[in-house]
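Work through these exercises with the structure open beside you. Try each task before reading its solution.

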Amino acid sequence: MPHASPSRGRFRPLLVALLGVLVLAGCSSAPSGGGAEAPAAPAASGTFPVTVEHKYGSTEITAEPERVVTLGYTDPDALLAVGIAPVGIVDWFTQPPAGNTWLWQEQGFAGQTPEVVGVREEYQLEKIAALQPDLIIASYSGMTQEQYDQVSRIAPTVAQPKGFEDYTASWQVMTREITRAVGREQQGDELIAATEKKIADAKAAHPDWAQQSAVAVSYDTPNYFAFAGGDIKADLLAQLGFRAPEAITRAAAGTSEAQLSPEQAGEFDVDKLLVLAPTEAAKAEIQARPEFSRLDAVQQGRVLWMLSSDRTEPLPAALSYGSVLSLPYAIDKLVPELEALPATQG
């Protein structure tokens, strides 16, 4: 199974939709208040041709693309952020949102429904060709050399960023690669700066967080998984000022998650505990675990539950995407939730 949002090495974009059951109904209107930053209006294109280096060589785009197909997990967001709606996408979810459009993407798609041209890393070449794309992007993907050779016969194709293992390039790197390919690299840089500033501003507004520890965990019988540096959720908590438990960092041993037995649950008893669960039933299962219920964070109400089956608030999915478009949305939703958690007692 491919890896996406990924904790490097396992397919876990937020456990990719937390154990593959992300269920979200799309909303019919753009978010109001505190939502994602509005996508930038289309701007004058850059100078073409442009050449983009990537994992499988370099690709020249001779003119401004008008029909773009994306094959990567988060690839649509960088395009939508600069005013380009992809005509084709890949479905990465067992149960995708209505119209394959997330809440933070709706304004960018403006009512258009992208054609699904594959599932995860299995591409339907006939569907891709039928869309007559003039550019194909597979930045946040596990595209193989064979697949690249196939799709690049259909249209110029930009594969994974050069110099990175699959699914390990940062959202900044992918945003620059994608926006360069469509001649809007300057807009991409401006969006990156604005997103980084939004995170920095949230940190500056909460200096007390630097004295607190925080961790995001999930549960998959019989063990817990604590997310560590390299995972978008752990990285974002660090960027907001929180300290990661040293025991979790050690247990992760250079990977982006640490597997912990029930006996080790005390290692994630922190000031702010984020727990990811796919459903209410899964949440109840975790709550019933004796080692979990004994945690001070649990007993003092310092737990933020994030359910991927929540049909009204896709914060877990936005965090999992970790894109230039979803992160502003996630910050607007996550910060008030963290503020509402009570202070550590004793």
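**Exercise 1.** Which backbone oxygen does the side chain of T175 reach, and at what distance?

*Solution.* Bear in mind that this is a predicted model.
- Step 1. Locate the residue: T175 belongs to helix α6, residues 171-181.
- Step 2. Follow its side chain. It reaches the backbone oxygen of W171 at 2.7 Å.
- Step 3. T175 has a relative accessible area of 3%. Buried means under 20%, so T175 is buried.
- Step 4. List the neighbours. Leaving out residues up to four places away in sequence, T175 touches A78, G188, I192 and V324.

**Exercise 2.** How many of the 11 residues of α6 are buried, and what follows the helix?

*Solution.* 
- Step 1. Count: 8 of the 11 residues are buried, so α6 is mostly covered.
- Step 2. Name some of them. The buried residues include W171, M174, E177 and I178.
- Step 3. G183 follows α6, and its phi is positive, near 75 degrees.

**Exercise 3.** Describe helix α8 from its N-terminal cap to the glycine that follows it.

*Solution.* 
- Step 1. Start at the cap. D231 caps the N-terminal end of α8. One of its side-chain oxygens lies 2.9 Å from the backbone nitrogen of K233.
- Step 2. Stay with K233. Its charged end sits over the ring of F227, 4.2 Å from the ring centre.
- Step 3. Find the covered residues. In α8, residues 232-239, the buried ones are I232, K233, A234, L236 and L237.
- Step 4. Leave the helix. G241 follows α8, with a positive phi near 110 degrees.

**Exercise 4.** How many aromatic pairs are there, and how is the pair of W104 and Y329 arranged?

*Solution.* 
- Step 1. Count pairs whose ring centres lie within 6.5 Å. The count comes to 14 aromatic pairs.
- Step 2. Take W104 and Y329. Their centres are 5.8 Å apart and their planes make an angle of 45 degrees. This pair is tilted.
- Step 3. W104 lies in the loop between β4 (88-91) and α3 (106-109), and Y329 in helix α14 (residues 326-340), so the pair ties together parts that are 225 residues apart in sequence.
- Step 4. W104 and Y329 are both buried.
- Step 5. Widen the view. Ring pairs link W104 and Y329 into a cluster with Y73, W92, W102, Y140, Y167 and Y321.

**Exercise 5.** How many residues does the largest nonpolar core have, and which element gives the most to it?

*Solution.* 
- Step 1. In soluble globular proteins, nonpolar side chains tend to be buried together.
- Step 2. Give the count. The largest nonpolar core has 79 residues. Those with the most contacts inside it are L71, M143, L240, L334 and L338.
- Step 3. Name the element. Helix α14 gives the most to this core, with 7 residues.
- Step 4. Look for another core. Apart from the largest one lies a core of 24 residues, among them A226, V275, I286 and V303.
- Step 5. Return to M143. Beyond residues up to four places away in sequence, its contacts include L71, Y123, V151 and A159.

**Exercise 6.** What share of the chain is buried, and how many helices and strands does the chain have?

*Solution.* 
- Step 1. Buried residues make up 56% of the 346 residues.
- Step 2. The chain has 14 helices and 13 strands.
- Step 3. The chain exposes about 14100 Å², and carbon and sulfur atoms supply 48% of it.

Conventions: Residues numbered from 1 in each chain as written. Predicted model: local features only at pLDDT ≥ 70, side-chain atom pairs only at ≥ 80, totals over all residues. Heavy atoms only, no water. Buried < 20%, exposed > 50% of the residue type's maximum accessible area, 1.4 Å probe, protein only. Helix = DSSP H or I, 4+ residues; strand = E, 2+ residues; numbered from the N terminus. Polar contact = N/O pair within 3.5 Å; in protein donor to acceptor, adjacent residues only side chain to side chain. Phe/Tyr/Trp six-rings, centres within 6.5 Å; stacked < 30°, edge-to-face > 60°. Lys NZ or Arg CZ within 6 Å of the ring centre and 35° of its normal. Contact = heavy atoms within 4.5 Å. Core = buried A, V, L, I, M, F, W, Y, C linked by side-chain atoms within 4.5 Å. Areas by Shrake-Rupley, 256 points an atom, 1.4 Å probe, with all protein chains shown as cover.
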